[in-house]
Amino acid sequence: MGTFFVYIVKWAFSLAAFYLFYRLLLSRDTFHNFNRAALLGVLLLAAVVPLVEVSIEQPTGMGQAMLTLEEWLAQAGTSPAPVEEAEAVWPLVLLAVYGAGVLFFLAFNVCSLFRLSRLLRETRREDIRRYLPDAPRVLLLVHERDIAPFSWMRCIVVSRRDLEEDSRPILLHELAHIARGHSWDLLLANLCCLVQWFNPAAWLLKQELQTVHEYEADEAVLRAGVNAKEYQLLLIKKAVGTRLYSMANSLNHSKLKKRITMMMKEKSSKWACAKCLCMLPLAAVAVAAFARPEVSGVSNQLSDAKITDLAAIVKEKPLETAPQDSVYSMVKQMPEYPGGMQGMFQFLKDNLKYPQEAKDKGIQGRVLLQITVDATGKVTDPKVVRGVDPLLDAEAIRVVKLMPRWTPGVQDGKAVDVLYVLPIMFSLA
């Protein structure tokens, strides 16, 4: 599950970067077919870039690589402390919130399809060639109620009134959507929004794609010989309608002013397409950024972690209790290493020695130690809660025994013995 979350976050950053690229460089050009291809490419490229793995050698000591997880925990405000069920709740909360968002938008899209199918059942099928003799074979569904015209896959839905008053431009517009397969684009965009529901860039890219769809359809209508002024007045008249179907192509799509402006705009220079080449170095920058040690180190450790990792530790091997009854697992003031977490990180960097035999065998992982910080601050009785390999387990215990005295834990105004769980990461990254 950690791998999935890391991928989703990288995907989100990629989408945001590519959206800014499109908005700044391409959105005002009149090459609508090209822009549509660029947007679809952005949606796919943003999903693929996080999957590309590039290794960057890091000329630092081994101890530096060992601290990735601990540093991330410190930044997150969850320093290595006694492991309890409550401390393992936040990943589950994060998963629950993300899952709830996915289910909400999935339900929204299912409801949209349900409303669409119900509306289609209320229509009457007619032959489109009665209105456009050279039209391809598509389903023309006429509704007696006054609804905004729209198309979905091979279906055009239009009200009886629109069909009688403005059949030609409306049908040409919707036929353009069908001929270009815009419904499939919207399915892809909706899938992206479903997984990236928390990411504004995903929704903005979907909006840009829908706008380009309308530009393409408008261009097709004008190319068929419809008077531009009359068509623009028709768009204004239909703009008051309501769009109820999030995955359908509708004539009265929003941003009408942009559509009319685009119809009157001069054609962009052919060299404008060359701006799309900037996407390649942008993708390379994203790949390189994800491969940076400070990014990949954190993401690799998160990828290896399971959502219920800490809870599983508690369940499979509870903390051992010290022989005397005065040892606490949680106190009002917890023990603290001299210099705080950063001081501990520095100590581990200076003293951890990766066993050569473990390096040669490619052994790595996280060792969880239970220690007791007694009332004098001395670290005693280190035990392995979850080991990786005897070589790494022994090195973790060795270095912990070298620790200086801590500031002891305090309960009811007195220094007491406290159990503490300390993760130590060995990584060959």
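Good morning. One thing before we start: this is a predicted model.

First, the overall picture. The chain has 429 residues, and 49% of them count as buried. It contains 16 helices and 10 strands. The accessible surface comes to about 21,600 Å². Carbon and sulfur atoms make up 61% of that surface.

Find helix 7, residues 182-195. How far apart are its end C-alpha atoms? They are 20 Å apart.

Is helix 7 enclosed or open? Count its buried residues: 10 of the 14. So helix 7 is largely enclosed by the rest of the structure. Among the buried ones are His182, Asp185, Leu186 and Ala189.

Now the aromatic rings. The structure holds 11 aromatic pairs. Take Tyr7 and Trp11. Their ring centres are 5.6 Å apart. Their planes meet at 40°, so this pair is tilted. Where do these two residues sit? Both are in helix 1, residues 2-25. They are 4 residues apart there, which means about one helical turn between them. Here is the general rule. An α-helix has 3.6 residues a turn, so residues three or four places apart point the same way. Trp11 itself has 10% relative accessibility, so it counts as buried.

Ring pairs link Tyr98, Phe104, Phe105, Trp197, Phe198 and Trp203 into a cluster.

Last stop: a loop. Asp127 lies between strand 1 (124-126) and strand 2 (139-143). Is Asp127 buried, exposed or partly exposed? Its relative accessible area is 34%, so it is partly exposed. What does its side chain reach? The answer is the backbone nitrogen of Arg129, at 3.1 Å. Leaving out residues up to four places away in sequence, Asp127 touches Arg137 and Leu140. One more distance: Asp127 and Val138 are 11 residues apart along the chain, and their C-alpha atoms are separated by 8.5 Å.

That is the tour. Thank you.

Methods. Residues are numbered from 1 along each chain as its sequence is written. This is a predicted model: local features need pLDDT of at least 70, side-chain atom pairs count only at pLDDT 80 or more; totals for chains, interfaces and linings use all residues. Side-chain values use heavy atoms; hydrogens and water are left out. Helices (H or I, at least four residues) and strands (E, at least two) are DSSP runs, numbered from the N terminus. Buried means under 20% relative accessible area, exposed over 50%, partly exposed in between (1.4 Å probe, protein chains only). Accessible areas come from the Shrake-Rupley method with a 1.4 Å probe; for residues, only the protein chains shown count as cover. The expected span of a helix is 1.5 Å times one less than its number of residues. Rings of Phe, Tyr and Trp (its six-membered ring) pair if their centres lie within 6.5 Å; planes under 30 degrees apart count as stacked, over 60 as edge-to-face and the rest as tilted. Contact means heavy atoms within 4.5 Å. A polar contact is a pair of N or O atoms within 3.5 Å; within protein, one must be able to donate a hydrogen and the other to accept it, and residues adjacent in sequence count only if both atoms are side-chain atoms.
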